[in-house]
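Please keep the sequence and the structure at hand while reading.

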Amino acid sequence: MPPYLAGRESAQRFLGALLRRLEQRVPIAGEVILYGPRGNGKTVLLGWLRRAAAARGAIETVVLLPSEIREVRQLAELLMRAAWWRRLVPGQLGAWGFSWTKQADGVSRSFVSGILTARARKSPLLLVMDEAHTLETAVGRALLNAAQEVRQQLPLLLVLAGTPNIERHLGRMGASFWNRAEHLRIGRLAEGAAAEAFRRPFAREGIEVEEAALAEVVRLSHGYPYFLQLLGRAAWGVAFGPGGDGRVSVSTLEAARPEFEQTKGHYYRHRYIELRDQRLLGVGRSVAALFGDRETVSDEMLTQAIRSGLEDPSHEEAIRAERVLADLGFIWGTSPNPGWEPGIPSLMDYVVEFAPAP
């Protein structure tokens, strides 16, 4: 986990303001969706949010894991794990304005609403879910609608994080909250933020990072947080290893480069296999060639490149391919204007080099 969260100040300010409202028991207007390609720090930001909530003392946090919640009943059971609740289950909770009897034939949304109502009345409640793009539809529908119902009157905040397809996935659940949710894009870091993310952990240990080395870090990482972590780990081993001279220079990075390149190569190999398994290597190569030295391309340019790499260039197949590329983090939509940028520019180079030509 990175010791310094760089480049997310805007998201932190927004989430911090919501925590203040939660602590003051002021109803919150909507849920929060953190979305972006893998490796850009959504989980790190959720970790910061949990620590910030714990520091306030009055806020209770519940972490929801989609892999552990396949049925609505499992969601209800997880929400009832608070120590004070165990003394009351099973039975009546009339003191909290909610009564229930556990049935064998399933759990309704009103049942989940009742649990959330009881907990939010006792203390402000923060619900955090990572990997929400894998959430089961029935579970998501119950959770989203119950949370919307409760937060209108009680201090409840639901924060979901996932890959770019999270919006489409949650949209299929028919939850009426959708238009009021706040959507926070979590993408690659700007150059200054990337440099600080690398420099600060070394500075805390009295290790100087030379300006030329920082420029090289930015170039090698493309502002991709996961690569900054890999570079930092490799450079740390050199700086604190035999012969370390208390600074990180360009020569330090050169010594750390083999470890970084090896780990990065494994990562690229996984992304390559994902494209192959989706029968999109040709499309990936065509799109990668389109970007070349371009930082962004238009929606129309991307569609043409996708179709040129498809055996069946129909509209339906082009849309499917675009969605898969976005879900895998190969491409990343720009905002607010329609357009696209590479998820990781150097991954494009890898695909061009190794994917078979059409």
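**Salt bridges within helices**

R200 is partly exposed, its relative accessible area being 35%. The model is a predicted one, and a search of the whole structure finds 18 salt bridges in it.

Helix α8
- R200 is joined by a salt bridge to E196, with 3.0 Å between the closest N and O atoms.
- Because R200 and E196 are four residues apart in helix α8 (residues 191-204), about one helical turn separates them.

Helix α9
- E216 and R219 form a salt bridge through their side chains, at 2.7 Å from N to O.
- These two residues, E216 and R219, stand three residues apart in helix α9 (residues 211-221), so they are separated by about one helical turn.
- E216 is buried at a relative accessible area of 16%, whereas R219 is partly exposed at 48%.

Helix α11
- R257 and E254 form a salt bridge in which the closest N and O atoms lie 3.8 Å apart.
- Both residues belong to helix α11 (residues 250-277), where R257 and E254 are three residues apart, about one turn of the helix.
- R257 is partly exposed with a relative accessible area of 24%, and E254 is also partly exposed, with a value of 44%.
- Through salt bridges that share partners, E254, R257, E261 and K264 are joined into one network.

Technical notes:
Residues are numbered from 1 along each chain as its sequence is written. This is a predicted model: local features need pLDDT of at least 70, side-chain atom pairs count only at pLDDT 80 or more; totals for chains, interfaces and linings use all residues. Side-chain values use heavy atoms; hydrogens and water are left out. A salt bridge is a side-chain nitrogen of Lys or Arg within 4 Å of a carboxyl oxygen of Asp or Glu. Buried means under 20% relative accessible area, exposed over 50%, partly exposed in between (1.4 Å probe, protein chains only).
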